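Subject: Structure handover, with notes on salt bridges

Hello,

Here is the structure you were expecting. Please open it alongside this email; the notes follow below.

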Amino acid sequence: MKEEILNAIDELQNRIKGLTNQEKIEKCFTKFKAEIRGDKTNLNALSWEEINEIAENGRASKVFEVGDTKTITLYTGETAELVIIGFNHDKLSEQNKNAGITFAFKDLLDGEFEMNGEYTNDGGWEKCKMRNEYMNRLFKLLPTELQSVIAVVDKNTSIGNESEELKTTQDKLFLLSQSEVFGNSSYSVDGEGEQYEYFKDQENRIAHRNGSSDWWWLRSPNVAASTYFCRVSGDGVAGYGRAGNSGGVRPAFCL
């Protein structure tokens with residue numbers, strides 16, 4: 001039956017030769033046949049518009065795999081690798097469905113960033129400097145084609161200051177929580193999201209800058225102290241650091 005479908009697609013392709021937008025149509029047929037055969041598609045061979053279309057149609061897990069990567073160039077000229085960390089994981093804001101794909105930076109961006117200008121986690125992720133200043137700045141460095149397809153999703157995070165109260169924010173670019181990376185809340189509160197498939201492998205929690213591993217920030221306030229946010233060590237181990245210290249970031253986003 002599968003072979004008959006593939007033959008029918010080949011026949012249809014022959015009939016549309018010479019039509020307007022033939023190149024785009026041919027791409028659609030190629031992707032469709034790959035899905036039928038069970039082939040996986042190279043992310044770097046697709047535009048962000050094409051990847052977003054696959055995500056919106058609910059076909060991402062059939063076409064891609066967790067751990068697949070795509071290379072981008074930021075406005076600064078910096079080259080970065082993005083990695084798929086999960087499918088159908090994050091709730092789209094104001095929609096009753098989940099985003100098809102969640103991406104994160106595979107390694108650390110150039111530069112170091114503090115969670116807040118002062119040593120406090122009061123206000124949590126919602127009100128921190130990282131979210132309101134640095135995430136907005138980093139978003140503008142992304143390729144414009146990518147910016148145009150990034151979805152707004154709901155993220156739950158403690159309000160900080162040793163509170164267990166959660167606040168839901170609507171984000172395009174965000175840091176991950178402790179539970180999203182480690183699958184537990186040893187230093188944070190419960191309810192900040194489920195572990196992404198990619199981070200079930202401890203090796204994937206280790207991030208590098210210029211070839212050397214280094215620590216990176218999470219958005220979770222430390223529930224036991226009002227001056228700390230959670231972080232991941234250079235060895236991929238859960239920890240925490242003072243909110244005013246400068247560290248690495250590997251933001252995430254959804255399509």
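A polar contact, as used here, is a pair of N or O atoms within 3.5 Å; within protein, one must be able to donate a hydrogen and the other to accept it, and residues adjacent in sequence count only if both atoms are side-chain atoms. This is a predicted model, in which local features need pLDDT of at least 70 and side-chain atom pairs count only at pLDDT 80 or more, while totals for chains, interfaces and linings use all residues. Residues are numbered from 1 along each chain as its sequence is written, and side-chain values use heavy atoms, with hydrogens and water left out.

Overall picture

The protein has eight helices and 13 strands (DSSP runs numbered from the N terminus: H or I of at least four residues for helices, E of at least two for strands). Of its 255 residues, 47% count as buried. Buried means under 20% relative accessible area, exposed over 50%, and partly exposed in between, with a 1.4 Å probe and protein chains only. Among contacts with a separation of 6 or more, 61% are between residues 24 or more positions apart; contact means heavy atoms within 4.5 Å.

Glu-114

Glu-114 sits in strand S4 and is buried, at 12% relative accessibility. Its side chain makes two polar contacts worth looking up: one of 2.6 Å with the side chain of Lys-129, and one of 2.9 Å with the side chain of Tyr-134. Beyond neighbours within four places in sequence, Glu-114 is in contact with several residues, including Met-130, Trp-217, Ala-243 and Ser-246. Gly-241 is 127 residues from Glu-114 in sequence, yet the two C-alpha atoms are 10.0 Å apart.

Salt bridges

Side chains of opposite charge can pair when their charged atoms come close. The definition used is a side-chain nitrogen of Lys or Arg within 4 Å of a carboxyl oxygen of Asp or Glu. How many salt bridges does a search of the whole structure find? The search gives ten.

Lys-129 and Glu-114 form one of them, at 2.6 Å from N to O. This pair links distant parts of the chain, with Lys-129 in helix H6 (residues 129–139) and Glu-114 in strand S4, 15 residues apart. Lys-129 is partly exposed, at 25% relative accessible area, whereas Glu-114 is buried.

Another joins Arg-209 to Glu-112, with the closest N and O atoms 3.9 Å apart. Arg-209 belongs to strand S7 (residues 207–209) and Glu-112 to the loop between strand S3 (101–105) and strand S4 (113–114), so this pair ties together parts that are 97 residues apart in sequence. Arg-209 counts as buried at 14% relative accessibility, while Glu-112 is partly exposed at 45%.

Within helix H6, Glu-133 and Arg-137 lie four residues apart, about one turn of the helix. They too form a salt bridge, the closest N and O atoms being 2.8 Å apart. Both ends are partly exposed: Glu-133 at 33% relative accessible area and Arg-137 at 45% relative accessibility. Elsewhere, salt bridges that share partners join Asp-90, Lys-155, Glu-180 and Arg-219 into one network.

Regards
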